[in-house]
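The entries below follow the order in which I looked things up.

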Amino acid sequence: ELAMVARDVFEELGLKVVIRVNDRGLVDSVLDSAGIDPDLRVKVISAIDKLDKVGLEGVQDILKDVITAEQIEVVNNLLEAKSLNELAEFSTIDLERFFELTDGMEILEFDPSLARGLDYYTGLIFEVICPELNLGSICGGGRYDNLCGSFSKQEFTGTGIAFGLDRIMDTLEDLGKLGDIGLNTQVLVAVFDEDGEKDSIKIYDELHKKGIKAEVYFGEAKLGKQFKYADRKGIPYVVIAGPSEIEKGVVMIKNMASGQQIEVELSDISHQSFV
C-alpha cells in the first residue's frame, strides 16, 4: 500500500521514479550464513549503505577493518545478485510475496544492495530515486518491528515512509516542473491593510470551518500585488474585506479569471460562492 502511495504521489508530480526494494531479513540471512557477529551488523550494513557513494571497492575497503576476507566475499555475492533467484537459499519469502502483490508496478526494482543504514529497520525496506537526476533518495522507508514500542507502554509494529521535501523540490526545479504543479488553494484572503490583518485571519478561519481551501496573504502589499500573487499560484478567487465591508459583515469575492466581483455576507459564504 505504501509503495502505491509513493507511486501515486510522484505520478501526480510528474516525476518518473524507480522504487528500489529489499528486505533487511534477507540481508540478515546472508550475514548469518557468513557467521558475521551480530554486534558487527550495524557496521556492515552501514558500509553496504554507502555503495552508491563509494562503489563496491570502497565498501570492501571499509569492511576490511570489520570482517574477514571470506565474509566480505559473501557480502559481495549479495551486492552483485541480479535477481531473487540467485539468493533462493536465503530468506526471500517476504520479497517474493511483496512482488507478487504488486505485480504490474513496473517502477519497482529489487536491489540487494539497498540497506538503509538505520538499525531500527527489521523487514522490507525501500527508497525512491529519480533516474533523470543523481540527487539520491527522494523518499524512503520500511518495516520496523520494535521502534514504536520505544515511545509507548505497549509494543506494536509499524511500516512507514518519509518524503524528502527538499530533494523533491530540488528535483522538480532542476527538471523545470515546478510551474506545472497546480496548488489546491481555492481562495486567497487578501489583507486590506495592517489594521485589517486580524480580520483577514478571522475570515480565513471561517472559510476553513466551512471546508473551503484558503490561505492568507502574509506581508504588506497593495491589492494589485496580492492579485498577481494569486494569479502566479493559480488561485482562482480572492476574498477582500476593507473597513467598510467589515462594518457591514460582508466580503468581496473576486473571480481572477473573469475579473468579476460579488458581495457576499460572511455568514452566508459557502462553496457555492466560488463557482
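**Notebook: strands and helices**

I note that the model is a predicted one.

I then looked up the strands around this pair. Strand β1 (residues 18-23) and strand β3 (residues 124-129) run antiparallel and are joined by 6 bridges.

I next turned to the open sheet. I listed 5 strands in the order β7-β6-β8-β9-β10, and the pairing is mixed. Which strands stand at the edges? They are β7 (214-216) and β10 (261-265); each has a single partner strand, so one side of each lacks a neighbour in the sheet. I noted an average twist of 25° from one strand to the next.

Strand β6 (residues 187-189) pairs with strand β8 (residues 237-240) in the parallel sense, over 3 bridges. I found Val-187 opposite Tyr-237 in β8.

Lastly, I looked up the helices on the sheet. Helix α8 (residues 197-209) packs on it and touches β6, β7, β8 and β9 (250-255). I recorded an angle of about 170° between the direction of α8 and that of β7. Helix α9 (residues 223-233) lies across β6, β7, β8 and β9, and I noted that α9 runs at about 155° to β8.

Notes
Residues are numbered from 1 along each chain as its sequence is written. This is a predicted model: local features need pLDDT of at least 70, side-chain atom pairs count only at pLDDT 80 or more; totals for chains, interfaces and linings use all residues. Side-chain values use heavy atoms; hydrogens and water are left out. Two strands pair if DSSP finds at least two bridges between them. Helices (H or I, at least four residues) and strands (E, at least two) are DSSP runs, numbered from the N terminus. Axes are lines fitted to C-alpha atoms, for helices over the stretch in contact, and angles run from 0 to 180 degrees between N-to-C directions. Contact means heavy atoms within 4.5 Å.
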